[in-house]
Amino acid sequence: SYEMKGGHSNIGTPMESVSPKKNLGTGRTITDFPEGATAGEFDTWILLCNPNKQEANTQLVFTTAQGIAAQKEVKVPPLSRRTVHLNEIVPDAFEVATEITSDAPIVAERSMYWDPNMKNLQPYEARGGHSSSGSSSPAKEWFLAESSTGGGFETYVLVQNPQDASAHVVATFMNAERVAA
């Protein structure tokens, strides 16, 4: 028996949103995940679901603060799913962003688990975990409604830049009393 100490999940992905941005000129779709960690107490997975009646050929590119760290091709058969364990591909990295390119619309999620003893545990035995759907299009403005920095909570805002040029980022934080930049 085990006791999960904390966790988070998302609401899923509506099918009409499984038509992510198109890579201009190629007809391929792209999904981005700015967050991932494989070092210390973290265990990270990319989950791919193909709801189509044809195979989806996907290319995953993993980027750290030093640049592209690894790439992996994954074929997802029709009406099935595949799981990719980031810790096996990009080990011991606290910052791993993932970009997924596919020749068919897919549903992609990133799940992370954490525990001080994570290297000796299965994900379901971890003290905490969360899951997130990927972003199907880059944008210049994002709004995040949930966060907390009190009562033992730590909040991180993670940014991924899938473009070739540098991006200048300005973050504005709001609480019940004020706006702080």
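Q: In which loop is the place of Val 159?
A: The model is predicted: local features need pLDDT of at least 70, and side-chain atom pairs count only at pLDDT 80 or more, whereas totals for chains, interfaces and linings use all residues. Residues are numbered from 1 along each chain as its sequence is written, and side-chain values use heavy atoms, with hydrogens and water left out. Strands (DSSP runs of E, at least two residues) and helices (H or I, at least four) are numbered from the N terminus. Val 159 has its place in the loop between strand S9 (128-133) and strand S10 (173-174).

Q: Is Val 159 buried or exposed?
A: A residue is buried under 20% relative accessible area, exposed over 50%, and partly exposed in between (1.4 Å probe, protein chains only). The relative accessible area of Val 159 is 55%, so this residue is exposed.

Q: Over how many bridges do S4 and S5 pair?
A: Two strands pair if DSSP finds at least two bridges between them. A hairpin through 2 residues joins S4 to S5, and Thr 58 stands opposite Val 74 in S5. The sense of the S4 and S5 pairing is antiparallel, and the number of bridges is 9.

Q: What is the phi of Leu 79?
A: Leu 79 lies in the loop between S5 and strand S6 (80-85). Its relative accessible area is 60%, so Leu 79 is exposed. Although Leu 79 is a residue other than glycine, its phi is positive, near 50°.

Q: What is the relative accessibility of Asp 92?
A: Asp 92 is found in the loop between helix H1 (86-89) and strand S7 (97-102). It is not a glycine, yet it has a positive phi of about 55°. Asp 92 counts as exposed because its relative accessibility is 58%.

Q: How many strands are there in the chain?
A: From the N terminus on, the elements run β-β-β-β-β-β-α-β-β-β-β-β. The chain has 181 residues, of which 31% are buried. Besides 1 helix, the number of strands in the chain is 11.
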